[in-house]
Amino acid sequence: MTPLFLTLLAVGVAAIVIAAVRAHRRKVDAAWRYVAEEFGFSYSPAGVFTLPRLAGEVDGCSVVVEFFRKSSGKHSENRTRYGVSYPEPLSLGLRLTREKVFAGVAKLFGSQDIEVGNATFDDAVMVKGDDPAAVLEFLTPARQMRVVRLLANFDEAVIDDSGITWSRRHTETNPSRMGGVIRRLVRNARALHQRPDGEDELDAALTARREARLDEALEMARRAAERPEAASPEAALVEGDILATGGRFHEAADAYARAGSLEPADAEATALAEEARKRA
């Protein structure tokens, strides 16, 4: 190959890379502007020395979505971070994260993990807090269920005194997905910060289900699901789980579908509804 050919090849490759970068930036800009308009957020686009950022408020919670680069040794990756802050801090010294593979080893060396006595929750969530008694009082059965579901779907999420943060790889370019994440994090943040009216029935349903009092649990779950102010996918999911346990798969599928309609971004509800229909 001649030097001229190599030079032209390099120029051509550079032009293709530049065009691809510009196209990606336009896609990011279009998606983030769309979300900003949908939620009424402020939007700071990417510039020479700035990274894209959204900020605003939804249902009393402050929301920030921003792009950042995460470095690890010689490697770095682009990420989109979502942050939802409660109207007021919890003041519990709380930190909830997904239980990791080597968590058991960490506990042997004194790493704190408050246990609530619910194996499903204790196996899935690492719990830290300044006052274990206050943390246990805070972690009602309904909150436990929300936390387990949230951390199962948002693997690296952190729930603490100020709110919920989660980041995903790459710069987000899908406005529908961005909107779904924002709505789900806000809904959970509101429920964690202040229990919805009527949530006592959901707590009672979850307790009755753990104690195998399925008829009582079903009645309480349905009562919780009927309250407009407390309507949540959790109540419908509990109803579906109880019905499926009793072999009532047609009804279970309907309950799971209702949960999915309350939170369209919830892949778990959709999968459960499909499985129940297959077994019906």
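Q: How do you know how far to trust the chain, and what is its mean pLDDT?
A: The mean pLDDT of the chain is 86, and 83% of its residues reach 70 or more. Where pLDDT is low, the predicted coordinates should not be read in detail.

Q: What is the chain built from, and what percentage of it is buried?
A: There are eleven helices and eight strands. Of the 280 residues, 41% are buried. The chain exposes about 15400 Å², with carbon and sulfur atoms supplying 54% of that.

Q: Why is Gln-194 called exposed?
A: Its relative accessibility is 56%, and exposed means over 50%, so Gln-194 counts as exposed. You'll find Gln-194 in the loop between helix H6 (175-193) and helix H7 (200-210). The C-alpha atoms of Gln-194 and Pro-87 are 9.7 Å apart, although the two residues are 107 positions apart along the chain.

Q: Why is the pair Phe-39 and Phe-41 called stacked?
A: By the ring rule, the count comes to three aromatic pairs. In this one, the ring centres of Phe-39 and Phe-41 are 5.2 Å apart and the planes sit at 20°. The rule wants centres within 6.5 Å and, for stacking, planes under 30 degrees apart, so the pair is stacked. Both Phe-39 and Phe-41 are buried.

Q: What makes the pair Phe-154 and Trp-166 edge-to-face?
A: It's the angle: the planes are at 80°, with the ring centres 4.7 Å apart. Planes over 60 degrees apart count as edge-to-face, so that's the label for Phe-154 and Trp-166. The pair links distant parts of the chain, with Phe-154 in the loop between helix H5 (141-153) and strand S7 (158-160), and Trp-166 in strand S8 (residues 163-169).

Q: Are Phe-154 and Trp-166 buried or exposed, and how do you know?
A: Buried means under 20% relative accessible area. Phe-154 has 7%, so it counts as buried. Trp-166 has 13%, so it counts as buried too.

Q: How do you know that the charged end of Arg-81 sits over the ring of Phe-68?
A: The charged end of Arg-81 is 4.0 Å from the centre of the Phe-68 ring. The distance part of the rule asks for within 6 Å, and the pair is listed as a charge sitting over a ring.

Q: Why is the contact between Arg-79 and Glu-156 called a salt bridge?
A: Side chains of opposite charge can pair when their charged atoms come close. For Arg-79 and Glu-156, the closest N and O atoms are 3.2 Å apart. The cut-off is within 4 Å, so Arg-79 and Glu-156 pass. Arg-79 lies in strand S4 (residues 75-85) and Glu-156 in the loop between H5 and S7, so the bridge ties together parts that are 77 residues apart in sequence. With a relative accessible area of 3%, Arg-79 is buried, whereas Glu-156, at 42%, counts as partly exposed.

Q: How many salt bridges does the rule give, and what other examples are there?
A: The count comes to 29. Among them, Arg-177 pairs with Glu-172, with the closest N and O atoms 2.8 Å apart. Glu-172 is buried, at 0%, while Arg-177 is partly exposed, at 37%. Another is Glu-216 with Arg-213, at 2.6 Å from N to O.

How values were computed:
Residues numbered from 1 in each chain as written. Heavy atoms only, no water. Helix = DSSP H or I, 4+ residues; strand = E, 2+ residues; numbered from the N terminus. Buried < 20%, exposed > 50% of the residue type's maximum accessible area, 1.4 Å probe, protein only. Areas by Shrake-Rupley, 256 points an atom, 1.4 Å probe, with all protein chains shown as cover. Phe/Tyr/Trp six-rings, centres within 6.5 Å; stacked < 30°, edge-to-face > 60°. Lys NZ or Arg CZ within 6 Å of the ring centre and 35° of its normal. pLDDT = per-residue confidence, 0-100. Salt bridge = Lys/Arg side-chain N within 4 Å of Asp/Glu carboxyl O.
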